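This briefing is for a reader who is new to the structure shown below. Please look at the sequence and the model first, then read the points by topic.

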Amino acid sequence: MEEYCTSAEYTPRHKFTLWLATWRRLATVDRLQRIGIHVPMDCIFCDSAVETLDHLLFLCPVTHALWNRLLVWLGIQRNIASWQEEVHWACKWARKKTRRGAIICCVFAMVVSIIGGKGTTCDSSQATSIVTGFTGRLPSTSISEART
Ligand SMILES: [Zn+2]
């Protein structure tokens with residue numbers, strides 16, 4: 001975990017948000033409720049479940065689709081698992097210390113940062129448009145196909 005969160009390829013924002021997420025300290029609404037801050041409980045992306053860390057990363061159908069789309073773009077075929085298992089999977093790539101591993105880990109940190117940072121600046125429609133706008137800009141081929 002340590003090498004994953006301190007690698008030099010990440011922006012400070014990505015590092016910090018990923019660090020918060022791995023320690024389960026993102027400001028999700030269930031967490032805010034526990035410390036006395038009352039906000040609507042629904043997920044800002046899908047509006048159909050309570051916003052918890054595990055829901056945001058990646059049980060939510062919207063964020064699940066985003067992460068799945070990025071995995072396809074990275075040329076990876078796998079089923080998305082629980083947040084803890086996704087972190088474990090990303091850490092395995094970080095330990096390989098390869099270019100591919102670095103790209104995968106950067107994309108992972110970026111997607112967690114995009115999803116985890118939504119609460120400070122977005123309402124529901126803005127959050128959804130960020131995700132759809134982001135996926136819309138991805139090329140249709142994976143990065144491994146693009147190199148050939
Ligand atoms: Zn959701």
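This is a predicted model: local features need pLDDT of at least 70, side-chain atom pairs count only at pLDDT 80 or more; totals for chains, interfaces and linings use all residues.

Residues are numbered from 1 along each chain as its sequence is written, and side-chain values use heavy atoms, with hydrogens and water left out. The chain has 9 helices and 0 strands (helices, H or I, of at least four residues and strands, E, of at least two are DSSP runs, numbered from the N terminus).

**Overall make-up**

- From the N terminus on, the order of elements is α-α-α-α-α-α-α-α-α.
- The chain has 148 residues, of which 43% count as buried (buried means under 20% relative accessible area, exposed over 50%, and partly exposed in between, with a 1.4 Å probe and protein chains only).
- Of the contacts between residues at least 6 apart in sequence, 58% join residues at least 24 apart (contact means heavy atoms within 4.5 Å).

**The zinc site**

- The zinc ion has as its protein donors Cys-43 (SG), Cys-46 (SG), His-55 (NE2) and Cys-60 (SG), which lie 2.1 to 2.3 Å from the ion (donors are N, O and S atoms within 2.8 Å of the metal, or 3.2 Å for Na, K and Ca; water is not among the atoms, so sites may look incomplete).
- Along the chain, these donors follow the spacing C-x2-C-x8-H-x4-C.
- Cys-43, in the loop between helix H3 (29-34) and helix H4 (53-59), and Cys-60, in the loop between H4 and helix H5 (61-73), are a pair 17 residues apart that links distant parts of the chain.
- The arrangement is tetrahedral because the 4 donor atoms around the zinc ion subtend angles of 102 to 116 degrees (four donors count as tetrahedral if all angles lie between 85 and 135 degrees; four count as square planar and six as octahedral if opposite donors are over 155 degrees apart and all others between 65 and 115; anything else is irregular).
- Cys-43 counts as buried at 1% relative accessibility, and Cys-60 counts as buried at 0%.
- His-55 is placed in helix H4 and counts as buried at 9% relative accessibility.
- From C-alpha to C-alpha, His-55 and Cys-43 are 8.1 Å apart in space, and they are 12 residues apart in sequence.
- Leaving aside neighbours within four places in sequence, His-55 is in contact with Cys-43, Cys-46, Ala-49, Val-50, Cys-60, Pro-61 and Thr-63.

**Other buried residues**

- Thr-63 is in helix H5 and counts as buried, at 0% relative accessibility.
- Beyond its neighbours within four places in sequence, Thr-63 is in contact with Phe-45, His-55, Leu-56, Phe-58 and Ile-115.
- Helix H2 (residues 12-22) has several buried residues, among them His-14, Thr-17 and Leu-18.
- His-14 has a relative accessible area of 18% and is therefore buried; not counting residues up to four places away in sequence, His-14 touches Ala-109, Met-110 and Ser-113.
- Lys-118, in the loop between H7 and helix H8 (124-136), is buried, with a relative accessible area of 5%.
- Lys-118 touches Ala-27, Ile-44, Phe-45, Glu-51 and Leu-56, not counting residues up to four places away in sequence.
- Lys-118 and Ala-27 are 91 residues apart in sequence, and their C-alpha atoms are 9.7 Å apart in space.

**The pair H6 and H7**

- Helix H6 (residues 83-96) packs with helix H7 (residues 99-116) at an angle of about 150 degrees, and their axes are 8 Å apart (axes are lines fitted to C-alpha atoms, for helices over the stretch in contact, and angles run from 0 to 180 degrees between N-to-C directions).
- The contact residues include Trp-83, Trp-89 and Trp-93 of H6 and Ile-104, Cys-105 and Phe-108 of H7.

**Backbone details**

- The peptide bond from Leu-57 to Phe-58 is cis, with omega near 10 degrees, and Phe-58 lies in helix H4.
- Arg-24 is not a glycine, yet has a positive phi of about 55 degrees; Arg-24 lies in the loop between H2 and H3 and is partly exposed, with a relative accessible area of 36%.
- Lys-97, in the loop between H6 and H7, has a positive phi of about 55 degrees although it is not a glycine, and counts as exposed at 68% relative accessibility.
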